Amino acid sequence: MASSRIDSLSEPTSHGNLAPPSYERKPGFLRWLRKLFKGCSNRQKFNGPQFHGEETIARHDPGEHMDDQSRAKNGGSDHAVAHSLAEDLRKPHGCRRQTDHDEDLARALQEKLNKPSYPSYDPTSLFPGEYRFCGGCSGDLGYGDYLLCMGGFWHPTCFCCYACGHQIVEHEFSLSGRNPYHMSCFRELHHPSCEVCHQFIPPNDAGLIEFRSHPFWGQKYCPIHEHDNTARCCSCERLESLSARYIPLGDGRNLCLECMEFAIMDTGDCQPLYHSIRDFYEGMNLKLDQQIPMLLVERQALNEAIEWEKNGHQQMPETRGLCLSEEQTVTSIHRRPRLGGSRLISMKTHVKKLSRKCEVTAILVLYGLPRLLTGSILAHELMHGWLRLKGYRNLSPEVEEGICQALSYMWLETEVLPCSMSSNVATTSSVPTSSSLKKGGKSDSEKKLGGFFIYQICNDTSTAYGKGFRAANASISRYGLRRTLNHIQLTGDFPP
């Protein structure tokens, strides 16, 4: 008889010649035992369940759960035993005698076969000890959609912008520390904006955010505004913005509204300030024996006076004051202009011929500057006049401009910081300040302007005005003003 293929869990077939009828048949017990071994040898291998999520695939590892494989093996064996016993019980002429025990065993095995081979699916068995929690609400992620970002897991509705609190649904977002932002919200908070054009400062060719910032005011602006004719205040140096227009003074200068509030516009308005600074000099034992005329002028008139002046070493890149020693005819501001719309109108001028009665003809100062800046220019130019009237000759620019800047600095300190004057300066407590002449004192904005003018003097990088001031200030701090001036008169230089 030819052999045949035996599949698992099929009825076993014996191999060999047929036995004569007289011979005794094999007992049923051996038959189901053979089925048992053949069923085990041909059993299919089970790979375990697979769970597919939307963004991740979790796979069950058969090697980690031997109980499931043992259950599958026992199930195959029980099925073979039950099948064999049931067959023997249906055959009345079988050699094996039926017993009550066999019937109970068959019934028990059959009931077991009717139960599922595997228990109902428990997701927690797939990830033992690896529960995933939301990085936003700290709750269990469950089995729905989730996000994997910033090294953690998130419910989609919990991944929100730290600035506006709304959900981030875009594919890209910004991160600051451990806080996510919408790219637009992050830009609003952290990307520098130009305070002139009110736009985000664009990156340069290298992809870097490059901007300019005023060292005192901190005004940030695009580099292009330094070269696109954007108006700059002639007093505080801040650039004009789209939200605050500047006032043109008619001579190429512009004034911001804050500086305009404290501006001195004509010669008559400046006289009380001029007299208070002369009193300041007398309090410093620097009395002026001559009455020096003082005029407020436009830029053009000041430039013309500079051309006439022989000794021009006191000129600055933007000259705002001049101590004249030659006879000239000067056009001064006789009546202050008024603001008409966005410009000044109705300004009245007066032509005056200056005759030389002493070493100093007059002091000229640009009109339209804030009171404290005008006063610091007057203090500077008055020192030039004092030096000439007292016979200080042939001084180097560094020494002359340095000592004049030192007096301007000292006057500003009495105005902005009344208690900060050095103890080396004599009779400081008796010096009347122009602030005492103005009821109500100074506002915070005017004090801030005064602080800026002091900052300008201290941080000037020029040789005459910057280096000269620092040398003069160091000498005054060490030796006092009077000893410093005596040494300059004898040697033409600051004391060592």
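**Close-up 1. Leu286 and its contacts in the predicted model.** In this predicted model, Leu286 touches Tyr281, Met383, Trp386, Leu407, Leu481, Arg482 and Leu485, once residues up to four places away in sequence are left out of the count. Leu286 also belongs to the largest nonpolar core, which has 78 residues, and together with Leu378, Met383, Ile403 and Leu481 it touches the most other members of that core. Helix α9 gives the most to this core, contributing ten residues. Another core, of eight residues, lies apart from it, and among its members are Met150, Trp154, Phe159 and Ile168. In soluble globular proteins, nonpolar side chains tend to be buried together.

**Close-up 2. Gln405, a buried residue of helix α9.** Gln405 is found in α9, the helix that runs over residues 397-416. With a relative accessible area of 8%, Gln405 counts as buried, because the cut-off for that word is under 20%. The side chain of Gln405 is joined to that of His380 by a polar contact of 2.9 Å. When neighbours within four places in sequence are set aside, Gln405 is in contact with His380, Ile457, Tyr465 and Phe469.

**Close-up 3. Helix α11, its start, its buried residues and its end.** Helix α11 covers residues 463-479, and at 1.5 Å a residue its 17 residues should span 24 Å, which agrees with the 22 Å between its end C-alpha atoms. At the N-terminal end, Ser462 caps the helix, with a side-chain oxygen that lies 3.3 Å from the backbone nitrogen of Tyr465. The buried residues of α11 are Ala464, Tyr465, Gly466, Gly468, Phe469, Ala472, Ser475 and Ile476, and these buried residues pack against α8 (371-389), α9, α10 (444-458) and α12 (481-491). An α-helix has 3.6 residues a turn, so residues three or four places apart point the same way. Just after α11, Gly480 takes a positive phi of about 95°.

**Close-up 4. Cys222 in the loop between β8 and β9.** The loop that holds Cys222 lies between strand β8 (220-221) and strand β9 (247-248). Cys222 is buried, with a relative accessible area of 7%. Leaving aside neighbours within four places in sequence, Cys222 is in contact with Cys194, Cys197, Ile201 and Pro202. Arg212 is ten residues away from Cys222 in sequence, and the C-alpha atoms of these two residues are 6.3 Å apart in space.

Methods:
Residues are numbered from 1 along each chain as its sequence is written. This is a predicted model: local features need pLDDT of at least 70, side-chain atom pairs count only at pLDDT 80 or more; totals for chains, interfaces and linings use all residues. Side-chain values use heavy atoms; hydrogens and water are left out. Helices (H or I, at least four residues) and strands (E, at least two) are DSSP runs, numbered from the N terminus. Buried means under 20% relative accessible area, exposed over 50%, partly exposed in between (1.4 Å probe, protein chains only). A polar contact is a pair of N or O atoms within 3.5 Å; within protein, one must be able to donate a hydrogen and the other to accept it, and residues adjacent in sequence count only if both atoms are side-chain atoms. Contact means heavy atoms within 4.5 Å. A nonpolar core is a set of buried Ala, Val, Leu, Ile, Met, Phe, Trp, Tyr and Cys residues joined through side-chain atoms within 4.5 Å. The expected span of a helix is 1.5 Å times one less than its number of residues.
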